[in-house]
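Have a look around first, and then we'll walk through it together.

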Amino acid sequence: MTDTPHTSWAGSGFLHLLGQKASENPEQIYASELVNGAWQDHTIGSVQARAQAIAAGLSARGVGRGDRVGLMLGTHVDTSAAAFALGLLGAVWVPVGLRQVASGVAYTVTEADVTLLIVEE
């Protein structure tokens, strides 16, 4: 793991677009998801803030540019925020399926040279 965090929304690409949209209209709805039987809206500003918080936590654990981080998460807004956080740090997102058997997870983590695996509870 490296100790050179890159936590900027500047530049080009999707992270830049997310940062730009969040500064222009942070209350714009980014996504809606079903949580405990009720629909919950997530604004682009809240997703950006969540991504920054996750990036700060990962950076504190030594994750940085070029590190490969496995995300073994479901399909929800926090997964998007975690992927954005990895982009902010210059880390690489390695998707790991929730339904993979242990040998499949081990293979993915080993072959991708994953330095950290984030798993859903």
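What follows is a tour by way of a helix, a pocket, a ring pair and a few loops.

First, the ground rules: this is a predicted model, where local features need pLDDT of at least 70, side-chain atom pairs count only at pLDDT 80 or more, and totals for chains, interfaces and linings use all residues. Residues are numbered from 1 along each chain as its sequence is written, and side-chain values use heavy atoms, with hydrogens and water left out.

Let's start with α2 (44-60). Helices here are DSSP runs of H or I with at least four residues, strands are runs of E with at least two, and both are numbered from the N terminus. With 17 residues, α2 reaches 24 Å from its first C-alpha to its last, close to the 24 Å expected at 1.5 Å a residue; that expected span is 1.5 Å times one less than the number of residues. Its buried residues are Ile44, Gly45, Val47, Gln48, Ala51, Ile54, Ala55 and Leu58, where buried means under 20% relative accessible area, exposed means over 50%, and partly exposed is in between (1.4 Å probe, protein chains only). An α-helix has 3.6 residues a turn, so residues three or four places apart point the same way. The buried residues of α2 pack against α1 (14-24), β1, β2, α3 and β5, with contact meaning heavy atoms within 4.5 Å. Just after α2, Gly62 takes a positive phi of about 95°.

So where does α2 turn up again? It gives four residues to the lining of the largest pocket, the largest share. A pocket is found on a 1 Å grid over the protein atoms alone, as an open set of points where a 1.4 Å probe fits, with protein on both sides within 12 Å along at least five of seven lines; lining residues have an atom within 4 Å of a point. Grid points are joined across faces, edges and corners, and the volume is the space filled by probe spheres set on the points. For the largest pocket, that volume is about 280 Å³. The lining includes Arg50, Ile54, His76, Asp78 and Glu120, and α2, α3 (77-89) and β5 are the elements that give two or more residues to it. By type, the lining divides into six nonpolar, two polar and four charged residues; Ala, Val, Leu, Ile, Met, Phe, Trp, Tyr, Cys and Pro count as nonpolar, Asp, Glu, Lys and Arg as charged, and the others, Gly among them, as polar.

Next, the rings. Rings of Phe, Tyr and Trp (its six-membered ring) pair if their centres lie within 6.5 Å, and planes under 30 degrees apart count as stacked, over 60 as edge-to-face and the rest as tilted. By this rule there is one aromatic pair. The centres of Tyr30 and Phe84 are 6.1 Å apart with planes at 75°, so the pair is edge-to-face. It links distant parts of the chain, with Tyr30 in strand β1 and Phe84 in helix α3, 54 residues apart. Phe84 is buried at 9% relative accessible area, while Tyr30 is partly exposed at 29%.

Tyr30 is also one of the residues touched by Thr43, which sits in strand β2 and is buried at 15%.

Finally, the loops. Asn36 lies between β1 (29-35) and β2 (38-43), is exposed at 81%, and has a positive phi of about 50° although it is not a glycine. Asp113, in the loop between α4 (102-111) and β5 (116-119), also has a positive phi, near 55°.
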